[in-house]
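The sequence and structure come first.

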Amino acid sequence: MKPVIVVHGGAGRIFKEREEGSRAGVVRAALRGYGILKQGGSALDAVEEAVRSMEDDPHFNAGCGSVLNEKGEVEMDAIIMDGKNLDSGAVSAVKNIANPIKLARLVMEKTKHMLLTDHGAHLFAQAMGIPETPGEKLITERSRERWKKNLEPDSNPQEFQKDLGTVGAVAIDREGNVACATSTGGLSNKLIGRVGDTACIGSGGYADNRSGAASTTGHGESIMKVVLARLILYHMEQGMSPEMAADTALEYMKTRVGGLGGVIVVNNSGEWAARFSTKQMSWATVKDDQLHYGIYAGERDTKPVDEALISESEGF
Ligand SMILES: CC(C)C[C@H](NC(=O)C[C@H](N)C(=O)O)C(=O)O
């Protein structure tokens, strides 16, 4: 099987100032994940690495750069899933850690459970020797400004759900195993304790070698109502291509519950899609040593990938 990776950096509107950083961030993440796949690494390692690189990148709403809750704190959700055996791990409402996706993977591999939240997730992180990151270090000027403005009585909350940037990745490796990973700070000025789609299996992501893998972004409550990632896999099980399955599921979410979002998908023969019902979604993919990426509907740039480009992406 030829390896493939697809990543997204959120389906919200991307303001001009963040466009370049967002594009560079998804390209870098896709190249890093592809580097792992090219060396014979697993889909699971590739999606974790791709998501980790975007968590560390302040341009995105995940890890450092996460949006803030109503109290002005970071609370993050993340999920990872292995399509080989349907194992998954997730964390919700976690603070003070740099890479929630890593903690989600540890939940999958080191516990008998699938989802740890808040205080318990924090204790688990300590037990696993993950260093504590002061909340302040995850907060950027952009996220604090957004939070402050959103507290003003005349601000429009819709406006502040625009320039966010949840992150995700799906991949298939040489062995034909698929995996997905998704990570987010959630929605700006959300209630304390609000858990979104990202931490919920089948909503923020799903992976099954028998059909493929999907990672989602968008209005979390809508995504959860239609269990978007699993719905996409269902359509692929019924014979649809990744693109058709993605469009059908997004259309259902729009007409049934009025929700908008975006998805990345790979099927078990390595066909992929990056589709969205919002105006924009930053995405990138590498397949057959060709990098494709875009932000606007219909936009698609292509570049050949060589060793030099891959090692350049590793410096971050
Ligand atoms: C307004 C939407 C399209 C922006 C999008 N947000 C999320 O994906 C949030 C995540 N699904 C949740 O609900 O916790 C983004 O970050 O780009």
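## Helices α1 and α2

In this predicted model, the axes of α1 (residues 16-38) and α2 (residues 43-55) cross at roughly 155°. An angle over 145 degrees counts as roughly antiparallel. The two helices, α1 and α2, are therefore roughly antiparallel to each other. Their axes come within 8 Å. The crossing of α1 past α2 is right-handed.

On the α1 side, the contact uses Gly25, Val26, Ala29, Arg32, Gly33, Ile36 and Leu37. On the α2 side, Ala43, Asp45, Ala46, Glu49, Ala50, Arg52, Ser53 and Met54 take part. By class, the residues of this α1 and α2 contact are eight nonpolar, three polar and four charged.

## The sheet

Nine strands form an open sheet with mixed pairing. Their order is β4-β3-β2-β6-β5-β1-β11-β12-β13. The edges are β4 (115-117) and β13 (301-304), each of which pairs on one side only. From one strand to the next, the twist averages 10°.

Which way do β1 and β11 run relative to each other, parallel or antiparallel? Strands β1 (residues 4-8) and β11 (residues 280-287) run antiparallel. Five bridges join them. Val7 stands opposite Ala284 in β11.

## Helices on the sheet

Two helices that lie on the strands are described here. Helix α1 lies across β1, β5 (167-172), β11 and β12 (290-296). Its direction is at about 25° to β11.

Helix α3 (residues 100-110) also packs on the sheet. The strands that α3 touches are β2 (76-82), β3 (87-94), β4 and β6 (178-184). The direction of α3 makes about 135° with that of β3.

## Helices α3 and α4

How do α3 and α4 cross, and at what angle? The axes of α3 and α4 (residues 118-127) cross at roughly 80° and come within 11 Å. Angles of 65 to 115 degrees count as roughly perpendicular. That makes α3 roughly perpendicular to α4.

Leu103, Leu106, Val107 and Lys110 are the α3 residues in this contact. They meet Ala121, Phe124 and Ala125 of α4. The classes in the α3 and α4 contact are six nonpolar, no polar and one charged.

Key:
Residues numbered from 1 in each chain as written. Predicted model: local features only at pLDDT ≥ 70, side-chain atom pairs only at ≥ 80, totals over all residues. Heavy atoms only, no water. Axes fitted to C-alpha atoms, helices over the stretch in contact; angles between N-to-C directions. Helix = DSSP H or I, 4+ residues; strand = E, 2+ residues; numbered from the N terminus. Parallel < 35°, antiparallel > 145°, perpendicular 65-115°, else oblique. Left-handed = near helix turned anticlockwise from the far one by under 90°. Contact = heavy atoms within 4.5 Å. Nonpolar A, V, L, I, M, F, W, Y, C, P; charged D, E, K, R; others polar. Pairing = 2+ DSSP bridges.
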